[in-house]
Amino acid sequence: MTGLVVPPGRGKRIVTGAQEVTFKVTGAHSRASSSFEVVVPPGFDVGAHVHASSEELFYVLEGELDLLAFEPVVRSGDGWRDWESDAGDRVYRAGPGSVMFVPPGCPHAFANPGPEPAKMFFQSSPPSHHEQYFEDLLEILEAPGGVDHAAVADLRKRYDIDQLTPLRFDS
């Protein structure tokens, strides 16, 4: 039996204008989850979305992120930062050490509101699902002629991502 040690700066990296993702633990290593280090540039907004069968964990390492992990009273508009739950939950400005856990079916989002990149540890279960999503997304984002939003929408449907508000980033 052998475990896995991944030193700082190591792992498979995918770099786009939207994010920098480093695969740390993949489906080749774990039956339970995939783990990534993600650098989130200023202005990036993943958009509110829901996964029917995946669960996720986000741990802020550096910088600040706006986090949402609740069912809003109304899923409305093209922005999620003003959403509120029946219980009064609102978007949280998270700094280093903050954790967000997202069970299947829970609307969630993250965005970097600050002027500097933020870094987070991201874990997704089941494994391999988000790994392939990031690989396929990179192909779309690097294609000539700008982002094909229809291709991104199709990709998200294939990977259990029901997009509620738009993904936004400065390319």
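Let's start at Asp160, in the loop between helix H2 (149–158) and strand S11 (162–163). This is a predicted model, by the way. Phi of Asp160 is near 60°. That is a positive value, and the residue is not glycine. Is Asp160 buried or exposed? Its relative accessibility is 18%, so Asp160 counts as buried, the cut-off being under 20%.

Next, another loop. Pro126 sits between strand S10 (118–125) and helix H1 (129–142). The peptide bond from Ser125 to Pro126 is cis. Omega there is near 5°.

Now the aromatics. How many aromatic pairs does a search of the whole structure find? Nine. Take Phe44 and Phe110. Their ring centres are 5.9 Å apart and their planes stand at 35°, so this pair is tilted. Phe44 is in the loop between strand S3 (34–40) and strand S4 (49–50), while Phe110 belongs to strand S9 (residues 108–111). The pair therefore ties together parts 66 residues apart in sequence. Both Phe44 and Phe110 are buried.

Tyr133 has 5% relative accessibility and counts as buried. Phe134 is buried too, at 8%.

Which residues do ring pairs link into a cluster? Phe23, Phe36, Phe44, Phe58, Phe110, Phe122, Tyr133, Phe134 and Tyr159.

Last item, a charge and a ring. The charged end of Arg81 sits over the ring of Trp80. The distance to the ring centre is 5.3 Å.

Definitions and conventions
Residues numbered from 1 in each chain as written. Predicted model: local features only at pLDDT ≥ 70, side-chain atom pairs only at ≥ 80, totals over all residues. Heavy atoms only, no water. Phe/Tyr/Trp six-rings, centres within 6.5 Å; stacked < 30°, edge-to-face > 60°. Helix = DSSP H or I, 4+ residues; strand = E, 2+ residues; numbered from the N terminus. Buried < 20%, exposed > 50% of the residue type's maximum accessible area, 1.4 Å probe, protein only. Lys NZ or Arg CZ within 6 Å of the ring centre and 35° of its normal.
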